[in-house]
Amino acid sequence: MEAITIAEDISYGRIVFILLFASSLFDISRCYKIKITEQPHIVILFSFIFYCFISIIWSYDQDETLHRVQLLIQYIIITVLATNVLCDYKRLKWAMIAFCLGCGYIGIASFGEYQVNSAVDMSYRSEFTTGNPNENAFMINYAIIFLLIISNNLLRAKQMLNILCISGIVIFSYFILILGSRNGVIMLATTLLFYSIPKIYRKSSFKSLLAILILILGTLYLFCALPEVVQERYLGIQDQIAENEMAGRGYIWSKIFDMLSQPDFPIIKGTGWGTFIPVFFQYSGLQIGAHNFYLNLLTTTGLIGLSLVLYYLYRLFLYLKLIRIKNKSVYYLLLVIPLISMITTNWESRKWWFIISVFIYTLYRLNKNNLLPYNET
C-alpha cells in the first residue's frame with residue numbers, strides 16, 4: 001500500500017492494484033460481486049470521492065487535493081476488493097486473525113522501543129518507529145474487538161481457544177497502555193465496558209463473569225506496573241476534558257471555529273480536500289492539523305462533504321442495527337471505537353474509515369444469510 005502511495009508515476013504496483021480492483025467486480029468462486037442496491041455505503045463513498053475530485057476547481061491547493069483524491073481511490077479499491085473476497089465466516093475470521101497478528105507485531109515493536117527508551121518522560125512516544133501512537137492504539141483496540149467477536153462465536157467445546165482470545169486481549173491492553181495514548185485508553189475503557197455490562201446485566205454464567213473479572217483486574221494490574229509518569233498522563237485525562245484543554249486540542253478547535261465563523265469562509269463547499277493545514281495557517285498562523293476528523297471535513301469539504309460522510313457512518317449503523325444475534329453490543333464497537341478516535345485524531349489520510357465498512361457490512365451480510373455460527377437469536 002505504501003509503495004503504491006509513494007510512487008509518483010504509473011508503476012507496476014498501481015497497474016496490478018487496478019487489475020485487482022477490476023477483478024473484484026466479478027463473481028469468483030463463492031464470492032459476491034458488488035451490488036449497489038445492497039451496499040449503499042459504497043455509493044456514498046463513491047459520491048464523496050467524486051465531490052472531492054470536483055473540489056479541485058476551487059481548492060486552495062489543487063495539487064494536494066489531487067494527491068489526496070488518489071489516496072481515496074486506492075482506499076475504495078481496497079474496500080470493494082475486501083468486501084467481495086470476505087464472503088463467508090471462515091474467510092472473515094482469518095481476516096480478523098491476520099489483522100490481530102499485524103497489531104501484535106506493532107505492539108511487540110512498540111514494547112521493544114518502550115523498554116529501550118524507558119519512560120523517564122513521555123518523549124519516548126515521539127521515538128516510535130512503528131507509527132503514530134494514537135493510530136496504533138486504535139488498531140490494537142480494533143484487534144481486541146475482533147478477538148471478542150471470535151470468542152463469542154466459538155463453540156463451548158473450544159475453551160482453549162477462548163482462553164487464548166482472553167489472553168490476547170490482556171496483552172493487547174498492555175500494548176495500548178505503553179503507547180501513552182490517552183485516546184487509546186478511552187477507547188480501551190469503552191471496549192471493556194461494552195463487553196462487560198451486558199454480560200453482568202443478563203446474569204451470565206460464572207465462566208463469563210470470571211472472564212470479565214480477569215480482563216478488568218489484569219488491565220488494572222498492568223496499569224499499576226507502568227512508570228509513574230505514564231500513570232499521571234492517564235490520570236490527567238479527566239482534568240483535561242474538564243478544562244477543555246485536551247493536550248492543546250481545545251485551543252486548536254476554538255481557533256478552527258473562529259475560522260469557520262468568518263463571513264468570507266466557504267462553509268458550504270469547503271476549501272478543497274486535503275487543504276486544512278495551509279488554510280488554517282492562512283487564518284491563524286498555526287501550521288498544524290485539526291486533530292479532529294469532523295472539523296477537518298467541515299473545513300475542507302464543507303457542509304456537503306461532512307453530510308456525505310455522516311450519512312455513510314449512519315448507513316454503517318443501520319447495518320449493525322439489522323444484525324440479529326445475541327451479545328450484539330460488541331459488534332457496535334466496530335463503529336463506536338472509530339467515532340471516538342475521529343474526535344481527537346486526523347483521519348483525513350487514513351484508510352481505516354473506509355475499511356471499517358468491510359467488516360461491518362460483511363457481518364451484516366453473513367447474518368442476513370444465516371452464516372454466522374453459534375450466535376443465533
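A disulfide is counted here as a pair of cysteine sulfur atoms within 2.5 Å. The model is a predicted one, in which local features need pLDDT of at least 70 and side-chain atom pairs count only at pLDDT 80 or more, while totals for chains, interfaces and linings use all residues. Residues are numbered from 1 along each chain as its sequence is written, and side-chain values use heavy atoms, with hydrogens and water left out.

By the disulfide rule the count is zero. For cysteine 165, the closest cysteine sulfur is that of cysteine 100, at 8.2 Å, which is too far for a bond.

Burial is judged by relative accessible area: under 20% is buried, over 50% is exposed, and values in between are partly exposed (1.4 Å probe, protein chains only).

| Residue | Relative accessibility | Class |
|---|---|---|
| Cysteine 87 | 3% | buried |
| Cysteine 165 | 8% | buried |
| Arginine 68 | 18% | buried |
| Methionine 160 | 59% | exposed |

The protein has 16 helices and zero strands; these are DSSP runs numbered from the N terminus, with helices (H or I) of at least four residues and strands (E) of at least two. Of its 377 residues, 54% are buried. Contact means heavy atoms within 4.5 Å. Among contacts between residues at least 6 apart in sequence, 77% join residues at least 24 apart.

A nonpolar core is a set of buried Ala, Val, Leu, Ile, Met, Phe, Trp, Tyr and Cys residues joined through side-chain atoms within 4.5 Å. The largest such core holds 93 residues, and Leu72, Phe138, Tyr142, Ile256 and Trp353 touch the most other members. Helix H6 (residues 133-152) supplies the largest share of this core, 13 residues. Leaving out residues up to four places away in sequence, the contacts of tryptophan 353 include Leu72, Trp273 and Glu348.

Arginine 68 lies in helix H4 (residues 62-85). The C-alpha atoms of arginine 68 and glycine 274 are 6.0 Å apart, although 206 residues separate them along the chain.

Methionine 160 belongs to helix H7 (residues 159-179).
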